[in-house]
Amino acid sequence: MKKLLGKNAVITGGNSGIGYAAAQAFAAEGARVAILGRRRQAVDEAVAQLGPSAFGVVGDIGDLSTHDRMMAELGERFGAIDIYMGNAGMNNIEPSAAVGIDSYDTQFGTNARAVFFGVTKALPRMRDGGSIILTSSIATAKVLENHAVYAGSKAAIEAFARAWALEFKARKIRVNVLSPGPTDTPILEKLGVAESDRAAFEQGMASAIPLGRLAHPDELARAALFLASDDSRFITGIVLRVDGGMALT
Ligand SMILES: NC(=O)c1ccc[n+]([C@@H]2O[C@H](COP(=O)([O-])OP(=O)(O)OC[C@H]3O[C@@H](n4cnc5c(N)ncnc54)[C@H](OP(=O)(O)O)[C@@H]3O)[C@@H](O)[C@H]2O)c1
(Lines give C-alpha, C1' and ligand atoms only; values in the text may rest on other atoms or scores of the structure.)
Protein backbone atom coordinates (compact mmCIF):
# COMPACT_ATOMS: atom_id res chain seq x y z
CA MET A 1 0.00 0.00 0.00
CA LYS A 2 1.39 3.38 -0.99
CA LYS A 3 2.02 5.67 1.98
CA LEU A 4 0.43 8.85 0.57
CA LEU A 5 -2.39 7.48 -1.56
CA GLY A 6 -5.21 10.05 -1.81
CA LYS A 7 -3.09 12.80 -0.22
CA ASN A 8 -2.47 16.25 -1.68
CA ALA A 9 0.89 17.93 -1.11
CA VAL A 10 2.24 21.45 -1.65
CA ILE A 11 6.01 21.91 -1.80
CA THR A 12 7.58 25.34 -2.12
CA GLY A 13 10.88 25.08 -3.95
CA GLY A 14 9.62 21.81 -5.44
CA ASN A 15 11.35 22.44 -8.75
CA SER A 16 14.90 21.93 -7.45
CA GLY A 17 17.17 20.10 -5.03
CA ILE A 18 15.62 18.84 -1.79
CA GLY A 19 12.11 20.05 -2.68
CA TYR A 20 12.13 18.29 -6.05
CA ALA A 21 13.44 15.09 -4.47
CA ALA A 22 10.64 15.30 -1.90
CA ALA A 23 8.09 15.92 -4.68
CA GLN A 24 9.31 12.80 -6.47
CA ALA A 25 9.16 10.74 -3.27
CA PHE A 26 5.65 11.96 -2.41
CA ALA A 27 4.39 11.33 -5.97
CA ALA A 28 5.92 7.84 -5.97
CA GLU A 29 3.90 7.11 -2.81
CA GLY A 30 0.67 8.16 -4.49
CA ALA A 31 0.33 11.85 -3.57
CA ARG A 32 -0.85 14.56 -5.93
CA VAL A 33 1.82 17.26 -5.80
CA ALA A 34 1.73 21.03 -6.35
CA ILE A 35 5.07 22.80 -6.55
CA LEU A 36 6.13 26.42 -6.42
CA GLY A 37 9.36 27.98 -7.68
CA ARG A 38 10.70 30.99 -9.53
CA ARG A 39 12.29 29.46 -12.65
CA ARG A 40 9.46 28.65 -15.05
CA GLN A 41 11.46 26.14 -17.09
CA ALA A 42 12.53 24.21 -13.99
CA VAL A 43 8.94 24.24 -12.68
CA ASP A 44 7.58 22.97 -16.03
CA GLU A 45 10.25 20.26 -16.29
CA ALA A 46 9.61 19.09 -12.72
CA VAL A 47 5.82 19.00 -13.25
CA ALA A 48 6.30 16.91 -16.40
CA GLN A 49 8.26 14.36 -14.35
CA LEU A 50 5.79 14.33 -11.45
CA GLY A 51 2.85 12.91 -13.40
CA PRO A 52 -0.44 14.08 -14.87
CA SER A 53 -2.00 15.25 -11.60
CA ALA A 54 0.92 17.50 -10.63
CA PHE A 55 0.88 21.23 -11.27
CA GLY A 56 3.23 24.14 -10.70
CA VAL A 57 2.96 27.81 -9.85
CA VAL A 58 5.74 30.21 -10.84
CA GLY A 59 6.43 33.11 -8.52
CA ASP A 60 8.46 34.66 -5.74
CA ILE A 61 7.32 33.51 -2.29
CA GLY A 62 8.51 36.85 -0.90
CA ASP A 63 5.55 38.36 -2.75
CA LEU A 64 2.61 37.17 -0.67
CA SER A 65 0.22 37.25 -3.64
CA THR A 66 2.16 34.21 -4.95
CA HIS A 67 0.70 32.17 -2.05
CA ASP A 68 -2.79 33.46 -2.89
CA ARG A 69 -2.33 32.30 -6.50
CA MET A 70 -1.12 28.89 -5.31
CA MET A 71 -4.10 28.50 -2.98
CA ALA A 72 -6.58 29.60 -5.66
CA GLU A 73 -5.21 27.09 -8.17
CA LEU A 74 -4.96 24.40 -5.54
CA GLY A 75 -8.59 24.98 -4.58
CA GLU A 76 -9.65 24.39 -8.17
CA ARG A 77 -7.44 21.37 -8.84
CA PHE A 78 -7.09 19.51 -5.53
CA GLY A 79 -9.61 21.14 -3.16
CA ALA A 80 -7.69 20.46 0.04
CA ILE A 81 -4.15 20.01 1.35
CA ASP A 82 -2.84 17.15 3.47
CA ILE A 83 0.88 17.99 3.38
CA TYR A 84 2.48 21.43 3.22
CA MET A 85 6.27 21.55 2.89
CA GLY A 86 7.63 25.09 3.31
CA ASN A 87 10.99 24.32 1.79
CA ALA A 88 12.04 27.17 -0.54
CA GLY A 89 14.96 29.13 0.83
CA MET A 90 18.08 31.05 -0.03
CA ASN A 91 21.36 32.11 1.54
CA ASN A 92 23.81 34.96 1.14
CA ILE A 93 27.13 34.11 2.76
CA GLU A 94 28.64 37.35 4.05
CA PRO A 95 30.14 38.77 7.23
CA SER A 96 27.61 40.68 9.30
CA ALA A 97 29.40 43.99 8.76
CA ALA A 98 28.87 43.62 5.01
CA VAL A 99 25.17 42.72 5.18
CA GLY A 100 23.05 45.39 3.53
CA ILE A 101 19.39 45.99 4.29
CA ASP A 102 18.33 44.40 0.99
CA SER A 103 20.26 41.21 1.72
CA TYR A 104 18.86 41.03 5.25
CA ASP A 105 15.30 41.65 4.08
CA THR A 106 15.54 39.16 1.22
CA GLN A 107 16.83 36.39 3.49
CA PHE A 108 14.25 37.00 6.22
CA GLY A 109 11.57 37.70 3.59
CA THR A 110 12.18 34.38 1.81
CA ASN A 111 13.22 32.10 4.66
CA ALA A 112 10.96 33.33 7.47
CA ARG A 113 8.21 35.79 6.45
CA ALA A 114 7.22 33.82 3.32
CA VAL A 115 7.13 30.57 5.31
CA PHE A 116 4.95 32.16 8.00
CA PHE A 117 2.38 33.53 5.55
CA GLY A 118 2.65 30.51 3.24
CA VAL A 119 1.51 28.32 6.12
CA THR A 120 -1.16 30.67 7.46
CA LYS A 121 -2.61 31.09 3.95
CA ALA A 122 -2.57 27.29 3.42
CA LEU A 123 -4.16 26.53 6.78
CA PRO A 124 -7.81 27.09 5.80
CA ARG A 125 -7.34 24.52 3.03
CA MET A 126 -5.57 21.97 5.23
CA ARG A 127 -7.43 18.87 6.24
CA ASP A 128 -7.48 17.97 9.92
CA GLY A 129 -4.72 15.43 10.57
CA GLY A 130 -2.40 17.04 8.01
CA SER A 131 1.36 17.42 8.18
CA ILE A 132 3.39 20.62 7.88
CA ILE A 133 7.13 20.32 7.26
CA LEU A 134 9.47 23.32 7.33
CA THR A 135 12.99 23.05 5.90
CA SER A 136 15.49 24.67 8.25
CA SER A 137 19.27 24.23 8.30
CA ILE A 138 22.28 22.94 10.24
CA ALA A 139 23.10 26.66 10.58
CA THR A 140 20.70 26.95 13.54
CA ALA A 141 22.55 24.25 15.50
CA LYS A 142 26.14 24.99 14.56
CA VAL A 143 27.76 28.38 14.05
CA LEU A 144 28.83 28.60 10.42
CA GLU A 145 31.07 31.49 9.46
CA ASN A 146 29.28 34.37 7.71
CA HIS A 147 25.85 32.79 8.10
CA ALA A 148 24.39 35.03 10.86
CA VAL A 149 21.38 36.35 8.92
CA TYR A 150 20.60 33.02 7.27
CA ALA A 151 20.86 31.25 10.64
CA GLY A 152 18.56 33.82 12.24
CA SER A 153 15.97 33.44 9.50
CA LYS A 154 15.99 29.65 9.83
CA ALA A 155 15.87 29.83 13.65
CA ALA A 156 12.68 31.86 13.22
CA ILE A 157 10.91 29.03 11.39
CA GLU A 158 11.99 26.52 14.03
CA ALA A 159 10.25 28.78 16.57
CA PHE A 160 7.17 28.99 14.31
CA ALA A 161 7.09 25.19 14.13
CA ARG A 162 7.14 24.80 17.92
CA ALA A 163 4.39 27.40 18.32
CA TRP A 164 2.27 25.86 15.55
CA ALA A 165 2.64 22.30 16.87
CA LEU A 166 0.63 23.48 19.89
CA GLU A 167 -1.56 26.01 18.08
CA PHE A 168 -2.83 23.48 15.54
CA LYS A 169 -3.11 20.48 17.88
CA ALA A 170 -6.90 20.64 18.11
CA ARG A 171 -7.00 19.89 14.38
CA LYS A 172 -4.39 17.13 14.75
CA ILE A 173 -2.16 18.96 12.28
CA ARG A 174 1.43 17.99 13.02
CA VAL A 175 4.26 20.48 12.46
CA ASN A 176 7.88 19.38 12.19
CA VAL A 177 11.18 20.75 10.97
CA LEU A 178 13.49 19.02 8.53
CA SER A 179 17.03 20.25 9.12
CA PRO A 180 19.53 19.41 6.36
CA GLY A 181 23.26 19.50 6.67
CA PRO A 182 25.29 20.32 3.54
CA THR A 183 23.45 18.68 0.65
CA ASP A 184 24.48 18.32 -2.96
CA THR A 185 21.89 20.57 -4.66
CA PRO A 186 21.92 23.54 -7.05
CA ILE A 187 22.08 25.84 -4.00
CA LEU A 188 25.86 25.31 -4.01
CA GLU A 189 26.13 26.96 -7.45
CA LYS A 190 23.73 29.69 -6.35
CA LEU A 191 26.14 30.43 -3.48
CA GLY A 192 28.73 31.22 -6.12
CA VAL A 193 31.00 28.20 -5.65
CA ALA A 194 32.78 27.99 -9.00
CA GLU A 195 32.79 24.61 -10.74
CA SER A 196 36.60 24.58 -10.50
CA ASP A 197 36.43 25.06 -6.70
CA ARG A 198 33.60 22.59 -6.22
CA ALA A 199 35.70 19.53 -5.33
CA ALA A 200 37.75 21.43 -2.72
CA PHE A 201 34.56 23.01 -1.32
CA GLU A 202 32.85 19.63 -1.00
CA GLN A 203 35.97 18.08 0.53
CA GLY A 204 36.15 20.87 3.12
CA MET A 205 32.47 20.37 3.98
CA ALA A 206 32.78 16.59 4.06
CA SER A 207 35.65 16.75 6.54
CA ALA A 208 33.31 18.55 8.98
CA ILE A 209 30.65 15.84 8.67
CA PRO A 210 31.08 12.69 10.83
CA LEU A 211 29.62 10.47 8.08
CA GLY A 212 32.25 11.94 5.75
CA ARG A 213 30.24 13.29 2.81
CA LEU A 214 27.52 15.67 1.70
CA ALA A 215 23.94 14.43 1.76
CA HIS A 216 22.15 13.41 -1.42
CA PRO A 217 18.77 15.20 -1.90
CA ASP A 218 17.06 11.78 -1.88
CA GLU A 219 18.25 11.28 1.71
CA LEU A 220 16.41 14.44 2.73
CA ALA A 221 13.39 13.35 0.70
CA ARG A 222 13.17 10.05 2.62
CA ALA A 223 13.08 11.99 5.89
CA ALA A 224 10.46 14.38 4.46
CA LEU A 225 8.37 11.36 3.43
CA PHE A 226 8.62 10.02 6.98
CA LEU A 227 7.37 13.35 8.39
CA ALA A 228 4.63 13.58 5.74
CA SER A 229 3.26 10.08 6.24
CA ASP A 230 1.53 8.15 9.02
CA ASP A 231 4.90 6.59 9.88
CA SER A 232 5.46 9.71 12.00
CA ARG A 233 1.85 9.99 13.23
CA PHE A 234 2.84 10.49 16.91
CA ILE A 235 5.60 13.03 16.16
CA THR A 236 5.04 16.78 16.28
CA GLY A 237 7.24 19.76 17.15
CA ILE A 238 10.59 18.09 16.43
CA VAL A 239 13.65 19.13 14.47
CA LEU A 240 14.75 16.11 12.44
CA ARG A 241 18.42 16.56 11.62
CA VAL A 242 19.61 14.88 8.44
CA ASP A 243 23.19 16.09 8.61
CA GLY A 244 25.48 13.06 8.89
CA GLY A 245 26.08 14.04 12.53
CA MET A 246 27.44 17.50 11.73
CA ALA A 247 25.54 19.20 14.56
CA LEU A 248 27.60 17.13 17.02
CA THR A 249 30.94 18.55 15.95
N1 LIG B 1 21.69 22.27 0.14
C2 LIG B 1 22.12 22.50 1.36
O3 LIG B 1 23.32 22.29 1.67
C4 LIG B 1 21.17 22.98 2.43
C5 LIG B 1 21.57 22.91 3.77
C6 LIG B 1 20.72 23.36 4.77
C7 LIG B 1 19.47 23.86 4.44
N8 LIG B 1 19.09 23.91 3.13
C9 LIG B 1 17.74 24.46 2.83
O10 LIG B 1 17.03 23.52 2.06
C11 LIG B 1 16.05 24.20 1.28
C12 LIG B 1 16.13 23.71 -0.16
O13 LIG B 1 17.38 24.10 -0.70
P14 LIG B 1 18.15 23.23 -1.79
O15 LIG B 1 19.45 22.88 -1.24
O16 LIG B 1 17.27 22.19 -2.34
O17 LIG B 1 18.47 24.37 -2.87
P18 LIG B 1 17.90 24.68 -4.33
O19 LIG B 1 18.07 23.50 -5.20
O20 LIG B 1 18.52 25.96 -4.70
O21 LIG B 1 16.36 24.87 -4.05
C22 LIG B 1 15.84 26.04 -3.47
C23 LIG B 1 14.42 26.14 -3.96
O24 LIG B 1 13.81 27.29 -3.38
C25 LIG B 1 13.23 28.05 -4.43
N26 LIG B 1 13.25 29.46 -4.04
C27 LIG B 1 14.27 30.14 -3.50
N28 LIG B 1 13.90 31.42 -3.31
C29 LIG B 1 12.63 31.51 -3.74
C30 LIG B 1 11.69 32.57 -3.81
N31 LIG B 1 11.99 33.79 -3.38
N32 LIG B 1 10.47 32.31 -4.34
C33 LIG B 1 10.14 31.07 -4.78
N34 LIG B 1 10.98 30.03 -4.72
C35 LIG B 1 12.20 30.26 -4.21
C36 LIG B 1 14.08 27.79 -5.63
O37 LIG B 1 13.36 28.10 -6.80
P38 LIG B 1 14.16 28.57 -8.13
O39 LIG B 1 15.27 27.57 -8.28
O40 LIG B 1 13.14 28.49 -9.19
O41 LIG B 1 14.66 29.93 -7.82
C42 LIG B 1 14.36 26.32 -5.47
O43 LIG B 1 13.27 25.56 -5.95
C44 LIG B 1 16.34 25.68 1.44
O45 LIG B 1 15.42 26.22 2.37
C46 LIG B 1 17.74 25.72 2.01
O47 LIG B 1 17.97 26.87 2.81
C48 LIG B 1 19.90 23.48 2.12
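## Reading a predicted model together

Modeller: Among contacts in the protein chain between residues at least 6 apart in sequence, 72% join residues at least 24 apart. Keep in mind that this is a predicted model.

Colleague: Thanks! Which secondary structure elements does the protein chain have?

Modeller: The chain comes to eight helices and seven strands. Its radius of gyration is 17 Å, close to the 18 Å that the globule rule gives for 249 residues, so the chain is as compact as a globular protein of that length. Along its principal axes, the C-alpha trace spans about 45 × 35 × 35 Å.

Colleague: What share of the 249 residues is buried?

Modeller: Buried residues account for 44% of them. As a general idea, nonpolar side chains in soluble globular proteins tend to be buried together. Here, the largest nonpolar core has 57 residues, and those with the most contacts inside it are V10, A22, F26, V33 and A224. Apart from that core lies another, of seven residues, including I138, A139, V149 and M246.

Colleague: Now a helix, please. Which residues of α2 are buried?

Modeller: Helix α2 takes in residues 40-50, and V43, A46, V47 and L50 are buried there. These residues cover an arc of only 100 degrees around the axis, which puts them on the same side of α2. On the other side of α2, Q41, A48 and Q49 are exposed.

Colleague: What covers the buried residues of α2?

Modeller: The cover includes α1 (17-28), β2 (32-37) and β3 (55-58). If you step past α2, you reach G51, whose phi is positive, near 105 degrees.

Colleague: How should I read a positive phi?

Modeller: The general idea is that most residues other than glycine have a negative phi. In this model, phi of N146 is near 65 degrees, a positive value in a residue other than glycine. K172 is not a glycine either, and has a positive phi of about 60 degrees.

Colleague: Where are N146 and K172 found?

Modeller: N146 is in the loop between β5 (126-135) and α5 (148-167), while K172 lies in the loop between α5 and β6 (174-180). N146 is partly exposed, with 14 other C-beta atoms within 10 Å. K172 is partly exposed too, with 13 other C-beta atoms within 10 Å.

Colleague: Let's turn to the ligand. Which of the 29 residues around it come nearest?

Modeller: They are G13, G17, G89, T185 and I187. The shell divides into 10 nonpolar, 15 polar and four charged residues. As for helices, α1 and α6 (187-190) each supply at least two residues of the shell, and α1 gives the most, with three residues.

Colleague: I noticed N111 in helix α4. Is N111 buried or exposed?

Modeller: N111, found in helix α4 (residues 101-122), is buried, with 29 other C-beta atoms within 10 Å. Leaving aside neighbours within four places in sequence, N111 is in contact with G89, M90, S153, K154 and I157. Among these, G89 is also one of the residues that come nearest the ligand.

Colleague: How about a residue towards the other end, such as G244? What does G244 touch, not counting residues up to four places away in sequence?

Modeller: G244 touches G181, I209, P210, L211, R213 and A215. This glycine lies in the segment after β7 (239-242) and counts as buried, with 24 C-beta neighbours inside 10 Å. The C-alpha atoms of G244 and P180 are separated by 9.1 Å, although the two are 64 residues apart along the chain.

Colleague: And which residues does M205 touch, with the nearby sequence positions left out?

Modeller: Not counting residues up to four places away in sequence, M205 touches P182 and L214. M205 is found in helix α7 (residues 198-207) and counts as partly exposed, with 18 C-beta neighbours inside 10 Å. The C-alpha atoms of M205 and T236, 31 residues apart along the chain, are separated by 30 Å.

How values were computed:
Residues are numbered from 1 along each chain as its sequence is written. This is a predicted model: local features need pLDDT of at least 70, side-chain atom pairs count only at pLDDT 80 or more; totals for chains, interfaces and linings use all residues. A residue is buried if 20 or more other C-beta atoms lie within 10 Å of its own, exposed if 12 or fewer, and partly exposed in between; C-beta atoms are placed from the backbone. Helices (H or I, at least four residues) and strands (E, at least two) are DSSP runs, numbered from the N terminus. The arc is that of the directions from the helix axis to the C-beta atoms. Two residues are in contact if their C-beta atoms, placed from the backbone, lie within 7 Å. A residue is near a molecule or strand if its C-beta atom, placed from the backbone, lies within 6 Å of it. Ala, Val, Leu, Ile, Met, Phe, Trp, Tyr, Cys and Pro count as nonpolar, Asp, Glu, Lys and Arg as charged, and the others, Gly among them, as polar. The radius of gyration is taken over C-alpha atoms; the globule rule is 2.2 Å times the number of residues to the power 0.38. A nonpolar core is a set of buried Ala, Val, Leu, Ile, Met, Phe, Trp, Tyr and Cys residues joined through C-beta atoms within 7 Å.
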